[in-house]
Amino acid sequence: AFAAIADDATTAFANPAGLVQILRPEISIELRFTASMDNGEIGPDQGLSGVGFFSFIYPARRWAFALYSHQMGSVTFGFDYPVYQQREFTVRSYAAAAAFEVSEHLSLGAGLSYFNGDRSAGTGVSGFSDSDWGFNAGVLWKASPAWNLAGFYRQGPEFQPRTTATSFSFPTEYGVGVAFQPKAGALTIGFEWDQVGSTTDPLQDGEIVTEGGSEYHLGAEYAVLRWKPVVAFRAGLWSESGRRYDVIRDLGADGSFSTEDRDHVAFGVGLAFKRFQIDGGVDFFDTDFIGSLSFVYSF
């Protein structure tokens, strides 16, 4: 639920208009771990473990600039049936973003991303090693001292497989957000609605088209300002709507299947020193969880 809060390095991706809220140059790095507790026959053989995000931000009067890299996905899948096989899939972006403070209450931002994508081929699946460019943009409006409103747009990349004419497409997303922070500044509440577009996943003899859907995010933070360092406690809920997957074969035998809505629960804590900040959090959903640990140094 971050689009209307937009006050740390990841705003370069989530809503670049928020970069103007960062007052000193800073560098940041996020380490991320994803794991599955599902012991079924088909599931992630191992989760992502590595650098999920790193950035450099430089504010200059009414402008702010950012260079960053974001790992959008990285997973190794193992299939036990009918014979064991392994498939790897990674996507990482290298990007630049900028924001301009139009007035005391309004800022605009935009960014350009270069994506690298790799997926190994498997039974019935097309592999690829390709690159693409994408664009993101955002707006942040301070409607009053306590309320922020925001909107954003993120273009997803497309990758061309080696053996099929159909491209693999990541979804394009757009959404709006609102944040409430009373005058004391200790409590922050954010809400965000995201619309996630459809995707196309090529097969060696067809494709899988996944319909788009909505996400609803609600998060809260309470910062104990009298403590040194300042300690922030965070919690959130968010829901992603179920999807329909249409399997389209070149020689017929088409079909479709659907998934149910999926709810997430998240918790986190942060320590803010004068020039240094540490944040950690976890996101639980179904049988999976994502852990994140980030470090920020400002100078």
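Are arginine 154 and glutamate 173 buried or exposed? Select the two residues together: both are buried, where buried means under 20% relative accessible area, exposed over 50% and partly exposed in between, computed with a 1.4 Å probe on protein chains only.

Before going on, note that this is a predicted model, in which local features need pLDDT of at least 70 and side-chain atom pairs count only at pLDDT 80 or more, while totals for chains, interfaces and linings use all residues. Residues are numbered from 1 along each chain as its sequence is written, and side-chain values use heavy atoms, with hydrogens and water left out.

Stay with the selected pair, since arginine 154 forms a salt bridge with glutamate 173, with 3.3 Å between the closest N and O atoms; a salt bridge here is a side-chain nitrogen of Lys or Arg within 4 Å of a carboxyl oxygen of Asp or Glu. The pair links distant parts of the chain, 19 residues apart, with arginine 154 in strand E8 (residues 147-154) and glutamate 173 in strand E11 (residues 173-180); strands (E, at least two residues) are DSSP runs, numbered from the N terminus.

Next, select arginine 249 and aspartate 205, which form a salt bridge whose closest N and O atoms are 2.7 Å apart. Arginine 249 lies in strand E17 (residues 244-249) and aspartate 205 in the loop between strands E13 (199-203) and E14 (206-210), so the pair ties together parts 44 residues apart in sequence. Arginine 249 is partly exposed at 30% relative accessibility, and aspartate 205 is also partly exposed, at 35%.

Finally, select glutamate 221 and arginine 234, whose side chains meet in a salt bridge (2.7 Å, N to O).

How values were computed. Helix = DSSP H or I, 4+ residues; strand = E, 2+ residues; numbered from the N terminus.
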